[in-house]
Amino acid sequence: MTRRQKYRRTEWGSWWLNFLDGVSRWICLRVHRLRGPRLALPARGAAVVVCNHVSGLDPLLLLAACCRPLCFLIAAEQFHRPALRWLFRRTGCVCVDRENDGGGGFYAVLRELRKGRAVVVFPQGQITKTGIVRPLKRGALLLAERAGARLFPVKLSGVKGEGEILRAIFMPGNVRMETRPAVKVTRENRRAALRELENFFYSACK
């Protein structure tokens, strides 16, 4: 498989979204030198991707390594940016109000999973600005368990604009992506799965 075939574009259902997808992949591959395995998601059906959160570039890197649309949880203060709100809505992102959510975000994401979508969760909750991984939240594991979806761990390293949001997209880096085998989360193995995920993510900062 050639590098071009490995990181081929996703079909978004419209030419301009496909165009943006192509531009985004070019940036990730040429400007940020993305290396690593492609995300081995099923071609269809629910999936939960969990990834450490180091910058605003992270969603683009995940999309570049995937051949199907991904659904992202976007904090309300970012979702309602005038220049980006239309794009978030058009690509089916879920807006989450971290201050006044009341559990609504969890069930909104669960509905997307039950529609058969692939959802990305950053279990740290916020971008890491110090290089130290925040304690992981259990939400992603609970979502995977309730939706009957497998959990796909991903780790990013080498992002130049660590801690930045928009600026990170334009700061050339040398990004490495690592993955682990998918996990079927159950009530019995939930704690063990969380520990394994923490060990995987913590190693990103060594």
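pLDDT is the predictor's confidence in each residue, on a scale from 0 to 100. Helices (H or I, at least four residues) and strands (E, at least two) are DSSP runs, numbered from the N terminus. This is a predicted model, in which local features need pLDDT of at least 70 and side-chain atom pairs count only at pLDDT 80 or more, while totals for chains, interfaces and linings use all residues. Residues are numbered from 1 along each chain as its sequence is written, and side-chain values use heavy atoms, with hydrogens and water left out.

Colour the protein chain by pLDDT: the average is 87, and 88% of the residues score at least 70. Select helix H1 (residues 3–6), whose mean pLDDT of 50 is the lowest among the elements, and then strand E1 (residues 47–51), which has the highest, 96. Where pLDDT is low, the predicted coordinates should not be read in detail.

Next, select Leu41, Leu61, Leu62, Leu70, Phe72 and Met177, the residues with the most contacts inside the largest nonpolar core, which has 37 residues. Such a core is a set of buried (under 20% relative accessible area, 1.4 Å probe, protein chains only) Ala, Val, Leu, Ile, Met, Phe, Trp, Tyr and Cys residues joined through side-chain atoms within 4.5 Å. Elements giving two or more residues to this core include helix H2 (15–31), helix H3 (58–64) and strand E2 (71–75); H3 gives the most, with five residues. Apart from this core lies another, of 25 residues, among them Val119, Leu136, Leu143 and Leu151.

Finally, turn to the aromatic rings. A search of the whole structure finds four aromatic pairs (ring centres of Phe, Tyr and Trp, its six-membered ring, within 6.5 Å; planes under 30 degrees apart count as stacked, over 60 as edge-to-face and the rest as tilted). Select phenylalanine 200 and phenylalanine 201: their ring centres are 5.8 Å apart and their planes stand at 35°, so the pair is tilted. Both phenylalanine 200 and phenylalanine 201 are buried.

Terms used. Buried means under 20% relative accessible area, exposed over 50%, partly exposed in between (1.4 Å probe, protein chains only).
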